[in-house]
Amino acid sequence: MAAKAGESASREPKHEIAVVVLTQADRPAELARAIASVRAQQQVDLQLVLVVNGAHPPQPEPSDRLIVLPENVGIPGGRNIGATAADARLVMFLDDDAELLDSGLLATVVDRFKADPRLGAMAIRLIDEHGRTQRRHIPRLGAGSAERSGPVTYFVGAACVVRAATFHGVEGFDARFFYAMEESDLSWRLLDAGWSIWYSANLKAFHPRTAPSRHHGCERLTARNRLWMAWRSLPAPVFAGYLLTWTSIAVARGVPLREMLAGYREAWSARSVRHPIRWRTVVKMTLLGRPPIV
């Protein structure tokens with residue numbers, strides 16, 4: 001059952017915030033910088049959880065808690081395991097090629113969550129090697145909105161923070177997704193349970209400029225996960241509009257039709273039970289500037 005805003009955990013966590021870094025240990029220099037940026041944080045009680053996703057762990061072991069998985073369980077599955085192992089009120093997910101750009105960032109995050117008991121998740125602004133934020137890393141419509149903080153309808157997982165009890169209360173990421181769309185899926189469930197999501201433009205993390213195509217099968221997985229997410233969470237009329245909109249966008253962007261249809265077929269054959277969000281959540285998302293059809 002989904003947790004409602006204002007619920008508290010039955011057990012007092014040990015730390016203020018845990019940082020979960022998921023890695024396949026294939027970019028050691030970037031991982032070392034990510035961990036160093038976490039260790040440089042000041043005036044905050046933190047725990048570093050390193051999840052090695054189907055690879056050999058780095059040496060020497062750099063974390064407070066090391067989890068070595070025998071096989072690659074995907075990004076959402078690995079993050080879920082890290083969040084379960086964490087012992088903190090808040091959980092940050094940080095990509096292994098990302099870096100926190102200010103030593104006071106986590107202390108500011110903790111204060112922000114303390115000040116707003118209805119805050120369920122926070123997006124951190126991502127800055128690339130050119131000092132810019134990629135369009136796909138801005139959690140709202142409008143390319144010029146990267147520098148404006150405010151409430152949003154979803155967050156990007158490369159550098160984000162969730163309230164731990166809330167995250168577990170809505171059952172975390174959907175591990176079936178493996179890659180792509182898991183943050184949007186979780187965001188819809190958070191909003192429907194009464195939590196808010198905040199984009200902090202003043203809190204910055206480095207993340208290199210990348211394209212989704214670097215991940216094998218990204219077009220098929222994205223199409224599959226979009227359909228899974230929309231089928232489970234959207235009221236029927238909105239589901240139809242969402243699927244039509246994003247199919248049209250994918251075609252316009254040159255996504256191979258074969259890959260997209262393969263993803264849709266896979267999703268339809270393994271679709272889950274529907275739990276549509278409430279219409280007031282649809283209205284809320286619309287008022288925030290991103291109705292769940294785009």
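A residue is termed buried when its relative accessible area is under 20%, exposed when over 50%, and partly exposed in between (1.4 Å probe, protein chains only). The model toured here is predicted: local features need pLDDT of at least 70, side-chain atom pairs count only at pLDDT 80 or more, and totals for chains, interfaces and linings use all residues. Residues are numbered from 1 along each chain as its sequence is written, and side-chain values use heavy atoms, with hydrogens and water left out.

**Whole chain.** The C-alpha trace spans about 50 × 40 × 35 Å along its principal axes. Of the 294 residues, 53% count as buried. Among contacts (heavy atoms within 4.5 Å) with a separation of 6 or more, 76% join residues 24 or more positions apart.

**Nonpolar cores.** Next, select Val 91, Phe 93, Phe 155, Leu 234 and Tyr 242, the residues with the most contacts inside the largest nonpolar core, which has 59 residues. Such a core is a set of buried Ala, Val, Leu, Ile, Met, Phe, Trp, Tyr and Cys residues joined through side-chain atoms within 4.5 Å. Helix 6 supplies the largest share of this core, eight residues. A second, separate core of 34 residues can be found by selecting Ala 34, Leu 46, Val 52 and Ala 205, which are among its members.

**Phe 93 and Glu 183.** Centre on Phe 93: beyond four places in sequence, the residues it touches include Arg 79, Gly 157, Cys 160 and Phe 173. Then move to Glu 183, in helix 5 (residues 182-192). Glu 183 counts as buried because its relative accessibility is 14%. Leaving aside neighbours within four places in sequence, Glu 183 is in contact with Arg 79, Phe 155, Val 156, Gly 157 and Phe 173. The C-alpha atoms of Glu 183 and Cys 160, 23 residues apart along the chain, are separated by 9.7 Å.

**Helix 8.** Finish at residues 257-269. Met 260, Gly 263, Tyr 264 and Ala 267 are buried in helix 8. They cover an arc of only 100° around the axis, and therefore lie on the same side of helix 8; the arc is that of the directions from the helix axis to the C-beta atoms. The buried residues pack against helix 6 (218-233) and helix 7 (236-252).

Key: Helices (H or I, at least four residues) and strands (E, at least two) are DSSP runs, numbered from the N terminus.
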